[in-house]
Amino acid sequence: MSAYRILASALVCLCSAVALVSQPASAATPGLTLDYARTLEQSSMVFVPYEGQNRGPVYYTQYTQVPTGTSSVGTLRRIIVNLRPSAHIQELYIPFVNQHGIIDVSASPLPAHGECQPTQGIKDLLSFMPANYQPTILTAGYPVACSLSLYFPVEYEAAVRDYIGTRPVIVLDATVPLCEPTSPRLSVNAINEALRTAGVLQVSQTGVWTGNYWDLLYESVRLTQTRPQLFVTQDPREGWQVYMQLFQLDAVAETATMSSADAQQSIYMCIPKPLHIRFGQEVMP
Amino acid sequence: MVLVMTGCQDARRPDDTRAKALRTCVLAGLPPPTAPGAAWTVPGHALVEAYQRCLESPDTASAEDFHALCQDLARPSSDDPSRVHITDAPGGEP
Amino acid sequence: MRNSKLSTCAVLALLTGAVNPAVAAPMHPAAVAPPGSYSAQVLNDFALLADSDNPNLVYFVPKLGNLAVQSPQSPAPIPRFQINSYYPPSGVLQGMELTSLGGTLSPTADLAALQRLQTEAARQGLQIAPAPVKSARTTFNLFAQQSLTGRVDTQCEVEEFIITFPNGNQVTQRVPKCRVRDLDGNFVDSNVVYKFTSVPAPANSTANQNVTFQAMLLPDWTQSLKDTMLFGDNFDASLSATTEWLISANTLTRQARLTINWQSLFEQASAYTAFHLNSCVEIEISAFFERIATCQGGTTPCGIFIEYRQADGTWTDRAPSDANFNAIVEALKDSLQEELFTKIQAVNGPVSTQPTAIFTLRANYEKIVTTRNEVMSIAYNQGPAPFNANTALNIDCVTGGFGYPVMYDMNNPACRARVGQ
């Protein structure tokens, strides 16, 4: 009981001291969704914020090969080659994130959207090494996309450094599934209002929408025919399907219900704009 | 007397006939089930469009009429509100 | 849009308020949803639970933690992390450059996330507190070496092998080969860890306990770590940890309604005790109540008809799917045992001090002559259900080390936001 008083009194004096973080105008969103309309592209960096925030992933379209110093492991030596975003090497990243107040969530395109492999050339160069000392790809920490571990005898250090310095030793191939910033957005509320006018849906004080399922089905399909622009997609039935899937059904009472949170959504109907990230692609002779 | 009785029966039949004919036409206009024995579901809009195509004239289309059609033809799918289960109930006599 | 500066010491004050475990307990989310509605970002950052007593309190378990930072409000916050080279003076690894690192990880390192939760809760008249936990286990991942916990036992020896160069030359290599004892006690090859210790989060505490660790890594990784600290990379592929919190969460106390036909019930009991020669022991009494709890057919053949109260207030004779049957039988016993049975404490002779209880049928004439059915209410609780929540502990926003002070990266807005600036 006394614990609650401590918390309560701390809260009371807190409220005056704490400046409120600005909150998005919209109500609670069901999940973290990307707001493609606010995509920022600059010098091989692509930033896509989450809805209502300045936080989100930063992707890079250009990478540079950066080897570490040499570690001595007995008589062997080890170098790790990192693929670093060129924007970081060129010192463009820090000004970019500061200029736009970007909170980078440190998302890597690997392994979800692609992979790295050693080049055939580096594998050939070190093919004489024992099996557990062969060139191996390692997972890396953001912003490094991936790393290559190289073990070699001390006599080979100059050759390996020279090799790394003059050509790619890693092949990176990733495709991040982004959407066009101009992807249309489905306004759920506009459709709900149109159906309310048609007498199909009612809205409660708490913002919950309900109606008979069959009436909803019939009138909403008619709406795709009379006012297709409400469903924003080229074939309005695609937008219609996404809209209908927001409802919860009571199969017995044959009623459909949409929560207040879902009803306030503005859903992206994605026009794909995949982000291709490549490094070290071997040129076929 | 026999003739009079037949006349009374004729007066009732058009509603049943129309309902049955509409039902048969709509069922024929729907995409078939994906596999034999699998539950027959179709996109909701396919049901409405089949209904619209099967009407004699667009003026007769109404939500109530569609509702009546669906009573013994389909039921909602709780997993996906954009699709309906077709209940191929034989007869459908009220 | 820049965030305004906030008073982190005030936020931190919230975290030190202890919750009395005897009074309050978190409710399992399947039984009671946590109060309030929150933005997607808050739900991404915290697992939330309701309190058994206070409807205006919400417990939190952070999902993502980071290095603990001293003086987060200052222009140069100090991360609790050190990383340096170490050259063993003797042994297999003599002359090689190992990495020595250590630090303190905190589940509540993200002050901006905590402030977001606190603001959204306060707007709805709710207070927040870290969830009380029964126990916690932290496992570390160091490069490819998974599941390190507590102390790590490493043995190293020199391995010799011959490499044949492409030109035919052969050179003998001498390389340290180390083996680590894993959780099952087996030795596995490792080129990562030489030494490792961590101090776990204590049991019976709250879900904001720090974890400290110290590690010595083999020379294979030194240059990689130097680059990581030079560039301020995220450590998630090098060193990360997960704390698994075990929360003993309360479930709901449910109601059941008994319609009792005493005559029939006594007939049941009488037949049962007669079978056991008119003296039943405790376990046989429990078995009797189990039988009548599952008896189908209503009050006449069974003596009792049990109905369960549903969430919507209506009654059903089907037990809820998550009902703990043992709890129902216990509740029946508690309510009816004294009416039906008399307990006789017997002592086995003058020497033994162990009493055993014997039950006989009670001559409860009052109830036996009743012809009407009696309706009685009982309450039962499943008991606490375990609820697991994890905090992923990561390291980033640090540069320096290896002879230079470790600095917190104040150039990156994401790093500044985390310390509330």
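G65(C) stands opposite L393(C), a residue of strand 28 of chain C, in a predicted model. Strand 4 (residues 64–67) and strand 28 (residues 385–393) of chain C run parallel and are joined by 2 bridges. Strands (E, at least two residues) and helices (H or I, at least four) are DSSP runs, numbered from the N terminus, and two strands pair if DSSP finds at least two bridges between them. Strand 4 of chain C is also joined by 2 bridges to strand 8 (residues 98–106) of chain C, and these two run antiparallel. There, L67(C) stands opposite L105(C).

An open sheet of 3 strands in chain C has the order 14-15-16, with antiparallel pairing. Its edge strands, strand 14 (154–164) and strand 16 (187–190) of chain C, each pair on one side only. V180(C) stands opposite V188(C) in strand 16 of chain C.

| Strand pair (chain C) | Bridges | Direction |
|---|---|---|
| Strand 4 and strand 28 | 2 bridges | parallel |
| Strand 4 and strand 8 | 2 bridges | antiparallel |
| Strand 15 (residues 170–181) and strand 16 | 4 bridges | antiparallel |

The largest nonpolar core has 115 residues, of which I170(A), L172(A), V58(C), F60(C), L142(C), V193(C) and L217(C) touch the most other members. Such a core is a set of buried Ala, Val, Leu, Ile, Met, Phe, Trp, Tyr and Cys residues joined through C-beta atoms within 7 Å; a residue is buried if 20 or more other C-beta atoms lie within 10 Å of its own, with C-beta atoms placed from the backbone. Helix 3 (residues 111–123) of chain C gives the most to this core, with 6 residues. Apart from this core lies another, of 35 residues, among them L186(A), M244(A), L249(A) and L22(B).

The contact between chains A and B takes 18 residues from chain A and 13 residues from chain B, where contact requires C-beta atoms, placed from the backbone, within 7 Å. Helix 7 of chain A gives the most to the side of chain A that touches chain B, with 8 residues.

Over residues 1–30 of chain A, pLDDT stays under 50. Where pLDDT is low, the predicted coordinates should not be read in detail.

Residues are numbered from 1 along each chain as its sequence is written, while chains are lettered from A and ligands numbered from 1 in the order in which they are written. In this predicted model, local features need pLDDT of at least 70 and side-chain atom pairs count only at pLDDT 80 or more, whereas totals for chains, interfaces and linings use all residues.

Methods
Contact = placed C-beta atoms within 7 Å. Buried ≥ 20, exposed ≤ 12 C-beta atoms within 10 Å, placed from the backbone. pLDDT = per-residue confidence, 0-100.
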